[in-house]
Every structure is written in C-alpha cells, then in structure tokens.
Amino acid sequence: MSLQLPPLALYVHVPWCIRKCPYCDFNSHQANNDIPEVDYVAALRFDLQQDQSLAQGRKLTSIFFGGGTPSMLSAQAIGQILTDAENIIGFEPDIEITLEANPGTFEQEKFSGFRAAGVNRLSIGIQSFNDQQLKLLGRVHGRDEALRAVGVARNAGFDNINLDLMHGLPEQSVDAAKADLQQAIELAPEHLSWYQLTIEQNTAFYSAPPILPEEEILADIQDAGVDLLAAAGYEQYEISAYARDKKFARHNLNYWEFGDYLGIGAGAHGKITFPAEDKILRLWKTRLPKHYLEATDSQKISTNLGGHQNVFGGGSDLLLPDALPLEFMMNALRLNQGVTKDYFSQRTGLPFAVIEPRWRELIARGLVAGDQSRWVTTSLGHRFLNQVLSSFTEKNN
C-alpha cells in the first residue's frame, strides 16, 4: 500500500510564561516586560504563509495553542491568528480549537473573548489543588484560583474543558494523589490529562531533584486513580488521557494516529507527509523568540527543508523507512483502542510484512493483541510500553 495523505492539524506555539516552572522543559521564556504581541501575531501569519504549500490542499481539523502560556495573549490576538489560519489554510466545518491556559491568567471578559474568537476547547494547567505542592512546582496560582478558573471558563461558554493534573509529586502519598484527583472530578471537566511528574534534563528539578515517591507508591497511585476515574465515568483512551461522553482530544489523537501537523511559532515542530515523493519530514522553527521575530523582518534565516524554503531557520529530518515503525508505534500504541491495521501502511507507506515477525513475537508475550482489523496494546503491554517499543527500533528491523 502506498503512502497516503493523512488529516492536517496546526500547532501554534506561544513561548512566553509568567514564570518558568522547575519541572518544565518546554520552549518557554519568562516574560519580564510586555509581550511583543502585535509583532508576534504578524510573524505567525508570515510563518503560516510560508508553510501554506505543505497543506497540499487540506483544511485544518484542529488547532492547538500551546506554550508557554497562550492565554497571556489578548483575545484580539487569538482571534487574529484564527482569522489568518482560516484565510491561509482553511477550516473543516467541525474544527476543534484548543487554548492552553493557566489559572493565574483567568479573567472573565478575556475568556469570553477567547470563546467569541472561535476557541471551543480549553486546557487548564491545574497540576495540583494542594497549595504546598503548587508552591513546590513553582506555579503562580493557588487552590482557590484553580477552582475559580473552571467557573470562569464555564461562565464564558466553554462546554469542552480539559484539566491537566500531575501525580507522583514530591513526597506525595496515595491518599493525597487521590484527593487531588477527586477534586478535579468534582469540577466535572469533559477531559482529564492525568500524568506522572517526570524529571527532565535542562530543568531546575534536574539540577536539584526533589524527593519523589517510591516506585511501589507510584504504582498504587496509578491503580487507585484509574479506578477512581472509571467509577466517575471517565474512559481511559490513552495512557494519561481520560474523557467523558467521548470528548477525546482530537488534536492529540491526530498525533497518536501519526497524522500531519503544521507548527508555527518559536520552536514549533511539524510533521508533513509527501505521498508523491514517498517521504515524511519532521520540521521545526528557530527556538528563541528574538530570533524568530528577527527572521520575519530580515528573512535572512533560510533553510531548505526538502524543497520547502523556511525563513525561520530551524531544520528538518527525513524519516527513513527503518525509523518509521518506531515513529508510528510510539504514538499508536499509547491508545487503549489501538489503531486500525490499515493505518500502519497508509501512514508509513510500509507493508505489514516489515514488522510482522516482531508483532507476532509481542503477541506471544502477551504485550499486544490484534486481529485483521485493529492493533492494540494489552494492559501488560501498557505497563511495559518501553519494552514493546524497543522491538521496533532500527537495529531490530
């Protein structure tokens, strides 16, 4: 089966935040002065214009504003970005548009403006409802602000809300983690992203790591939380994603199903399929906001990305056939429902025969399951996902 053109999404990176959190390894920068909002919106427009040909006639199925803290931008700025995206690329009729927001940035008028501008899904970075934990995590909000944020969002007209919540926090007990999760459930969000704190390189926590719970406690937290969410009617459809009434994060599903996405903004990443040339590229833009804004004016930064001229620097990687099985599986096998068997060939251009020996071996070990139509990771496979994925590394193919 030949490579097919998948759905297309758009990621918009807003690199500024009020304060850099000690666990954060994202491309985010503390805003010491006013954000150059007008210039950045103009740069995003120019960036998208340069990437227009990569859409290859497709309209956008979803948009995600990430950061940083995108809600630091004004509603007018968000509205202008959406207008530009619709004019330059185009929207599918049922497009999902998500904005990340932190509780410390919530103002009723502003969020009503976001909703009026076209944002139809909010992702609120709560992380914890425990004031002591929030302080350790370097968050600028407290419990009361976190609770208030959800009310502001509802009053602004949002009926599709995600709450980001961490577990495995410094010295956190099972009961404390359950209390955090129970508080989130009582707020009745349509979606919950509930994930374990990990210590990443290039973060303050990596240089001075806090004392985290032991593995046994982490396992007990995970098991207790999954049961609590299931009892409250939340379906786990991905390792750390839970939803009510099938309100799955469509933008993230596109990532996990190895779809395509444009990435605009400082440090933004994209992935684009070129069926006619039988290739898949990963692309990225220069990271520093200052360099990104300078590139808009001078257009001196120019990198050839497989025939696509990128004035924002960054670079690209061609995904070689040997790497594609792992690239596909490391996303698809996170999904509880798995993916259809046809997706592998459609999204990679490779025949099933390339991975069949490894897949059969994983079935025999009880790590994956699948019939002729759908592939899925078993509960055991989810627990040992890294072992599953190691079967698809280049050296094993």
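Q: Where does Lys246 sit in the chain?
A: In this predicted model, Lys246 is in the loop between strand E10 (241-243) and helix H9 (250-256).

Q: What is phi there, for Lys246?
A: Phi of Lys246 is near 60°, a positive value in a residue other than glycine. Most residues other than glycine have a negative phi.

Q: What about phi of Asn202?
A: Phi is near 65° for Asn202, again a positive value in a residue other than glycine.

Q: Which loop is Asn202 in?
A: Asn202 lies between strand E8 (191-196) and helix H7 (204-207).

Q: And is Asn202 buried or exposed?
A: Asn202 counts as exposed, because its relative accessibility is 74%.

Q: Backbone again. Which peptide bond is cis?
A: The bond from Gly67 to Gly68 is cis, with omega near 20°. Most peptide bonds are trans. Gly68 is found in the loop between strand E4 (60-67) and H2.

Q: On to helices. How does H2 pack on H3?
A: Helix H2 (residues 75-88) and helix H3 (residues 108-117) pack at an angle of about 10°, and their axes are 8 Å apart. H2 is therefore roughly parallel to H3, and the crossing is right-handed.

Q: Which residues make that contact of H2 and H3?
A: H2 supplies Ala75, Ile78, Gly79 and Leu82, and H3 supplies Lys110, Gly113, Phe114 and Ala117. These divide into five nonpolar, two polar and one charged.

Q: Now H1 and H2. What angle do they pack at?
A: About 15°, with the axes of H1 and H2 10 Å apart. That angle is why H1 counts as roughly parallel to H2. The crossing of H1 and H2 is right-handed.

Q: Who is in the contact of H1 and H2?
A: From H1, Glu37, Val41, Leu44, Arg45, Leu48 and Gln49; from H2, Ala77, Gln80, Ile81, Asp84, Ala85 and Ile88. The residues of this contact divide into seven nonpolar, two polar and three charged.

Q: Why would residues three or four places apart in a helix point the same way?
A: An α-helix has 3.6 residues a turn, so such residues face the same way.

Q: How far does H1 reach, first C-alpha to last?
A: Helix H1 (residues 37-51) has 15 residues and reaches 21 Å, close to the 21 Å expected at 1.5 Å a residue.

Q: Which residues of H1 are buried?
A: The buried residues of H1 are Tyr40, Val41, Ala43, Leu44, Phe46, Asp47, Leu48 and Asp51.

Q: Switching to strands. Where is Arg121, and is it buried or exposed?
A: Arg121 is found in strand E6 (residues 121-127). Arg121 counts as buried because its relative accessibility is 2%.

Q: What does Arg121 touch?
A: Leaving out residues up to four places away in sequence, Arg121 touches Phe64, Glu96, Ile97, Thr98, Leu99, Phe158, Asn160, Asn162, His191 and Ala249.

Q: Which strand holds Asn162?
A: Asn162 is in strand E7 (residues 161-167). Asn162 is buried, with a relative accessible area of 2%.

Q: And what is Asn162 in contact with?
A: Beyond its neighbours within four places in sequence, Asn162 is in contact with Arg121, Leu122, Ser123, Ile124, His191, Leu192 and Ser193.

Definitions and conventions. Residues numbered from 1 in each chain as written. Predicted model: local features only at pLDDT ≥ 70, side-chain atom pairs only at ≥ 80, totals over all residues. Heavy atoms only, no water. Helix = DSSP H or I, 4+ residues; strand = E, 2+ residues; numbered from the N terminus. Buried < 20%, exposed > 50% of the residue type's maximum accessible area, 1.4 Å probe, protein only. Contact = heavy atoms within 4.5 Å. Expected span 1.5 Å × (residues − 1). Axes fitted to C-alpha atoms, helices over the stretch in contact; angles between N-to-C directions. Parallel < 35°, antiparallel > 145°, perpendicular 65-115°, else oblique. Left-handed = near helix turned anticlockwise from the far one by under 90°. Nonpolar A, V, L, I, M, F, W, Y, C, P; charged D, E, K, R; others polar.
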